[in-house]
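Please keep the sequence and the structure in view while reading.

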Amino acid sequence: MKKVIIDIDNTLCNSNPRFQRVTKPNGKIDWDIAHKPEYIIADQPFYPMIELVNHYKKNGVWVILLTGRPESVRGITKIWLEQYDVRYDQLIMRSWEDNFLKAPNYKKKMYEEYIHSNVICAYDDDEDVIQ
C-alpha cells in the first residue's frame, strides 16, 4: 500500500504563534507550556494541507501523521484533528524515551521502526527531516 507521511506542527497547522508565545528570554521554547492543551487547540489550520491529506486518504493512500509532539498530548491532538476533519490512518507521537532526540533523528527512527517502505511523499516544515 502506498503511504504518505505528514508532520503536524507548521505543516497541518500554524504553530509559530504558540511557539513564539512560550519562548524564553534565552531564545529556547518552554515545551511544558507549549504543550498545554489550551495552546495546542488554538493552533490555526493550514486548510490547503488538510485538503491534500484528505485527498490522499480518499484515494486509498495510507496517511501517517508523524509528529514530534509527545504522547502526553495525544488526546488534545486528536481533538484538534477531528475539529478540522483531518482524515488519517496512523498517528505516531514521541514517546518519553525519544523525548531528547532531535526531530530528524526521532523521525528517522520512527520511519525505520514503523513505516519501512512504500512512501510516495513526505511533508514536514523541517528540511533536515525531509532529507
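## Terms and basis

Helices (H or I, at least four residues) and strands (E, at least two) are DSSP runs, numbered from the N terminus. This is a predicted model, in which local features need pLDDT of at least 70 and side-chain atom pairs count only at pLDDT 80 or more, while totals for chains, interfaces and linings use all residues. Residues are numbered from 1 along each chain as its sequence is written, and side-chain values use heavy atoms, with hydrogens and water left out.

## Loop residues with positive phi

Asparagine 118 sits in the loop between helix 6 and strand 6. Its phi is positive, about 65 degrees, although asparagine 118 is not a glycine. With a relative accessibility of 45%, asparagine 118 is partly exposed; buried means under 20% relative accessible area, exposed over 50%, and partly exposed in between (1.4 Å probe, protein chains only).

Aspartate 85, also not a glycine, has a positive phi of about 55 degrees. The loop between helix 5 (74-83) and strand 5 holds aspartate 85, which is partly exposed at 37% relative accessibility.

## Helix 6

Which residues of helix 6 (residues 103-115) are buried? They are Tyr106, Lys107, Met110 and Ile115. Seen down the helix axis, these buried residues fall within an arc of 105 degrees, so they line one face of helix 6; the arc is that of the directions from the helix axis to the C-beta atoms.

The buried residues of helix 6 pack against strand 1, strand 4 (62-70), strand 5 (90-94), strand 6 (119-123) and helix 7 (127-130). Contact here means heavy atoms within 4.5 Å.

## Lysine 3

Lysine 3 belongs to strand 1 (residues 3-6). Leaving out residues up to four places away in sequence, lysine 3 touches several residues, including Val61, Trp62, Ile115 and Asn118. A polar atom of the lysine 3 side chain lies 3.3 Å from the backbone oxygen of serine 117.

## Cysteines

How many disulfides are there? The count is zero, where a disulfide is a pair of cysteine sulfur atoms within 2.5 Å. The sulfur of cysteine 13 has its closest cysteine sulfur in cysteine 121, 18 Å away, which is too far for a bond.

Cysteine 13 is buried, with a relative accessible area of 0%. Cysteine 121 is partly exposed, at 26%.

Definitions and conventions. Polar contact = N/O pair within 3.5 Å; in protein donor to acceptor, adjacent residues only side chain to side chain.
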